[in-house]
Amino acid sequence: MNLPMATVLARATSDEQDRMLHAEEPLAWLQMRCGGELPGTIAVPELLDLVRTVRRIKLPLGRTIRAQDGSDTIAAWIEAEPAGDGCAVQVKSWQTSPCMPEDGAAAEQRRATIDRHLAELSAFLDSRQRLLAASTASPELEPVAAAMERGTGQCWTTFLPPADMTCQQPLHWRLLDGIKVDVPGASRTWRVRLIPQARPGHEPSGFELLLLSETAPPEDSTGQAGMRPTHRRSLVGQDLAPVLKQPIARIVANAETIRTRLAGPLPDAYAEYAGEIAGAGKLLLGLLDDMADLEALEADDFSTAADRIELGEVARQAAGILGVRAREKNIAIRSPADNEVAPARAEFRRVLQILLNLIGNSIRYSPEGSGIDLTVEMDGACARAIVQDQGPGLSAAEQARVFDRFERLGRSGDGGSGLGLYISRRLARAMGGDLTVESAPGEGARFVLAVPAEPEG
């Protein structure tokens, strides 16, 4: 439907509460398509903004209003003027054009982003659905997350058994994606989302597991009853993080739903606003994670568990976890070959955390089309994992400060807290090793994680 310029194509009236009291077609049709009612609050966001502005300044205004009805994009010139306590609205032009169909892969990626922020527990799995790491900010799920951490190497269904089916692993991941699971000690209904980490046309190299509930957590799930006992003053990790992460994650998820228009039609400008809200929420979540790690590291009783690990395998798993993010920037991660081994004595999940941070930084600061090389080697009593990128590199002065707390080397707007490398070095040293950097401006950076080697025999 494309209507030519006319004196008045449709009229409408609104009251002092910005409710549309009466509307002629096609404006009435658009109000209903955007989820509104007649009479009812104006459901077209840009029209609502126009009417509110006119009421506030008490002057007539006209502007182009854009909206989507699900299948078409609509552009209309609409004029509004004060009328009593409300407004009189006139539509002077009306044009529609088909919406571009959404790419299936893009839609799936957006849904995955929303699920990540709704998830109350997340885990990483290898290609055979065996646990690599698990984490949660929910006290309700802490027991199962702790059990999953202790059960590294076992299939995830050992800890989250399917609720409506009896199965024996291995099952294809598509049969398990979205199923309901039983969570010991939890009263809500839960489902699992499995997100494969794979290039198109290839078998997954691993999976991201998300545990979601359609029911909001109980009011006291992040209260004092769920706190761990402490004998020192808590800054974030034990007190604030569990309380704040749930509501912030909900804000991010709702903003992503709005941004991706999964909840209904929305103009581009409002989708951008929602994207900014989601981005700010993600920054807060990342800062909470870093502050919680920092608090734990600086506790007098902090220690790590010495596991028998193989650095090459951990490096390959870290590369698989971040493979999708790297491909979004057309960056190639070259993992150690299967025959490259470096047996070590260090805590698996802490080594994985350090490598994820190093690779994530390399992805963030490396140019599109570049590469990141992961290698492992033995050096006497040490096993070493090396992350080499092709980014801008660091000067000698920057190398001296890069591991300082809250040091971001003058960068802004990149989403970092300035704690990642500080925490990573502290973790490496807590395991009896170290984290160092070798670099020069324009030559990329070479980060070296050294941990104690596994004694022979």
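These legends walk through several close-up views of one predicted model.

Local features are given where pLDDT is at least 70, side-chain atom pairs count only at pLDDT 80 or more, and totals for chains, interfaces and linings use all residues. Residues are numbered from 1 along each chain as its sequence is written, and side-chain values use heavy atoms, with hydrogens and water left out.

**View 1. The whole chain, to get your bearings.**
The chain holds 12 helices and 19 strands; helices (H or I, at least four residues) and strands (E, at least two) are DSSP runs, numbered from the N terminus. Of its 457 residues, 44% count as buried. Here buried means under 20% relative accessible area, exposed over 50%, and partly exposed in between, with a 1.4 Å probe and protein chains only. A contact is a pair of heavy atoms within 4.5 Å. Among contacts in the chain with a separation of 6 or more, 59% join residues 24 or more positions apart.

**View 2. The largest nonpolar core and valine 351.**
A nonpolar core is a set of buried Ala, Val, Leu, Ile, Met, Phe, Trp, Tyr and Cys residues joined through side-chain atoms within 4.5 Å. The largest one here has 47 residues, and those with the most contacts inside it are Ile309, Leu311, Val351, Leu355, Leu358, Leu449 and Val451. Helix α10 (residues 348–365) gives this core its largest share, 8 residues. Which residues does valine 351 touch, leaving aside its neighbours within four places in sequence? They are Ile309, Leu311, Val314, Ala346, Met431 and Leu449. Apart from this core lies another, of 26 residues, with Val144, Ile179, Val181 and Ala186 among them.

**View 3. Helix α8 against helix α10.**
The axes of α8 (residues 311–321) and α10 come within 9 Å and cross at roughly 50 degrees. Axes are lines fitted to C-alpha atoms, for helices over the stretch in contact, and angles run from 0 to 180 degrees between N-to-C directions. The two helices, α8 and α10, are therefore oblique to each other; angles under 35 degrees count as roughly parallel, over 145 as roughly antiparallel, 65 to 115 as roughly perpendicular and the rest as oblique. The crossing of α8 and α10 is right-handed. A crossing is right-handed if the near helix is turned clockwise from the far one by less than a right angle, and left-handed if anticlockwise. On the α8 side look for Leu311, Val314, Ala315, Gln317, Ala318, Ala319 and Ile321, which meet Phe348, Val351, Leu352, Leu355, Leu356 and Ile359 of α10. By class, the residues of this contact are 12 nonpolar, 1 polar and no charged. Ala, Val, Leu, Ile, Met, Phe, Trp, Tyr, Cys and Pro count as nonpolar, Asp, Glu, Lys and Arg as charged, and the others, Gly among them, as polar.

**View 4. Helix α10 against helix α12.**
Here α10 and α12 pack at about 150 degrees, with their axes 10 Å apart. These helices, α10 and α12, are therefore roughly antiparallel to each other, and their crossing is left-handed. From α10 come Arg350, Gln353, Ile354, Asn357, Leu358 and Asn361, and from α12 come Gly420, Leu421, Ile423, Ser424, Leu427 and Ala428. The contact of α10 with α12 has 6 nonpolar, 5 polar and 1 charged residues. Helix α12 (residues 420–430) has Gly420, Leu421, Tyr422, Ile423, Ser424, Leu427 and Ala428 as its buried residues. Just after α12, glycine 432 takes a positive phi of about 85 degrees.

**View 5. Two cis prolines.**
The peptide bond from glutamate 25 to proline 26 is cis, with omega near 5 degrees. You will find proline 26 in the loop between β3 (19–23) and α1 (27–33). The bond from leucine 38 to proline 39 is cis, with omega near -5 degrees, and proline 39 sits in the loop between α1 and β4 (40–41).

Lysine 58 is not a glycine, but has a positive phi of about 55 degrees. This lysine 58 lies in the loop between α2 (45–57) and β5 (61–68). Is lysine 58 buried or exposed? Lysine 58 is exposed, with a relative accessible area of 62%. Glutamine 129 has a positive phi near 65 degrees and is found in the loop between β8 (121–126) and β9 (131–136). Glutamine 129 counts as buried, at 5% relative accessibility.
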